[in-house]
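Please keep the model open in your viewer and follow the selections in the order given below.

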Amino acid sequence: MEYNYLKIAENGTICTLTISAPKSLNALNSAILKEMDDFLTKFDCVKYRCLIITGDGEKSFVAGADISEMATLKMLEGQAFGARGAAVFRKIETLHVPVIAAVNGFALGGGCELAMACDIRICSDNAKFGQPEVGLGIIPGFSGTVRLARLVGMGMAKQLIYTGRAIRADEALRIGLVNAVYTQAELMDKAMEIANQIAANAPLAVKAAKMCINEEYDMSADDAIMNESVIFGRCFATEDQKNGMKAFLEKGKCEFQGK
Ligand code: CO8
């Protein structure tokens, strides 16, 4: 599939996906969602050890779902549009490699929801986050009501969603919506630095850790602890575990093969 709205860059085992619809501040329309779905479905989680997602330009990460496309939707069409976006974001959340959102400006509505589907969020100091949907007569429809409360707590999520108020990078950092704030000039280098730290570790172990954290969130403590024990055990069936521990004991460094 040819991509009109996605720019893909490869840097060793790190892949960077840039969403590019500059005229609408990278707002997500159906065509972009379709391209993202295709990209994620074909994404090579063996070749790449980390994915970075950002927005084109210096003003916006993603300014939401495309309001011009949503304006005339009827009930079932709205439901289908929401479900399509939510499915794409779930693919990000469950991708077998970590995904870093490098939020370089507006992350509003669907943009904030996209960032929240990623494993790690960092942003530039001009970033603005918010869920302004109720001001448009809708609710967050790309899983914002699900993920915001999980990330920042129910009280803060409710206030942000009911008021639609946008918050700046420093407040997003304070409430735990992002992990760190950098200047625009530093942002992508920092994202790459984190990605490289991840990529240097055993890929199967990183994947297993991601799956554990995701799956165990909704389990009872007993089930979650059991699940972790099983996945922990499986790590001992990998060459990476053998080589990683051998390298440590020999005071060397392991080049993990993902086997
Ligand atoms: N959709 C469509 N076009 C947009 C969007 C958007 N979300 N955001 C910006 N644009 C367009 C503007 O219309 C404008 O186009 P034009 O030049 O043709 O007039 C262009 O981008 C530049 O925008 P502005 O001139 O407004 O730039 P400013 O710097 O003045 O303002 C803002 C930037 C603050 C980001 C402003 O554009 C804005 O408020 N945008 C809308 C933000 C928003 O409300 N986002 C949430 C949308 S709803 C949503 O995401 C729901 C997700 C779940 C969907 C579920 C489906 C059922």
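Begin by selecting α4 (110-117) and α5 (144-152), whose axes come within 10 Å and cross at roughly 60°. Helices here are DSSP runs of H or I with at least four residues, strands are runs of E with at least two, and both are numbered from the N terminus; axes are lines fitted to C-alpha atoms, for helices over the stretch in contact, and angles run from 0 to 180 degrees between N-to-C directions. α4 and α5 are therefore oblique to each other, in a scheme where angles under 35 degrees count as roughly parallel, over 145 as roughly antiparallel, 65 to 115 as roughly perpendicular and the rest as oblique. The model is a predicted one, in which local features need pLDDT of at least 70 and side-chain atom pairs count only at pLDDT 80 or more, while totals for chains, interfaces and linings use all residues. Residues are numbered from 1 along each chain as its sequence is written, and side-chain values use heavy atoms, with hydrogens and water left out.

The crossing of α4 and α5 is left-handed, meaning that the near helix is turned anticlockwise from the far one by less than a right angle, whereas clockwise would be right-handed. Show the side chains of Glu 113, Met 116 and Ala 117 in α4, which meet Gly 144, Arg 147, Leu 148 and Leu 151 in α5, contact being heavy atoms within 4.5 Å. By class, this contact has four nonpolar, one polar and two charged residues, where Ala, Val, Leu, Ile, Met, Phe, Trp, Tyr, Cys and Pro count as nonpolar, Asp, Glu, Lys and Arg as charged, and the others, Gly among them, as polar.

Next, select α9 (residues 203-216) together with α10 (residues 221-235), which pack at an angle of about 165° with their axes 10 Å apart. α9 and α10 are therefore roughly antiparallel to each other, and their crossing is right-handed. Ala 208, Cys 212, Glu 215 and Glu 216 in α9 meet Ala 224, Asn 227, Glu 228 and Ile 231 in α10.

Now display the largest pocket, with a volume of about 580 Å³. On a 1 Å grid over the protein atoms alone, a pocket is an open set of points with protein on both sides within 12 Å along at least five of seven lines, a cavity is a set where a 1.4 Å probe fits but cannot get out, and lining residues have an atom within 4 Å of a point. Grid points are joined across faces, edges and corners, and a volume is the space filled by probe spheres set on the points. Of the 22 lining residues, Glu 93, Cys 118, Asp 119, Ile 213 and Asn 214 are the closest to the centre of the pocket, and α9 gives the largest share of the lining, five residues.

Finally, select Cys 112, Phe 129, Gly 130, Gln 131, Leu 148, Leu 160, Ile 167 and Leu 177, which line the largest cavity, with a volume of about 40 Å³.
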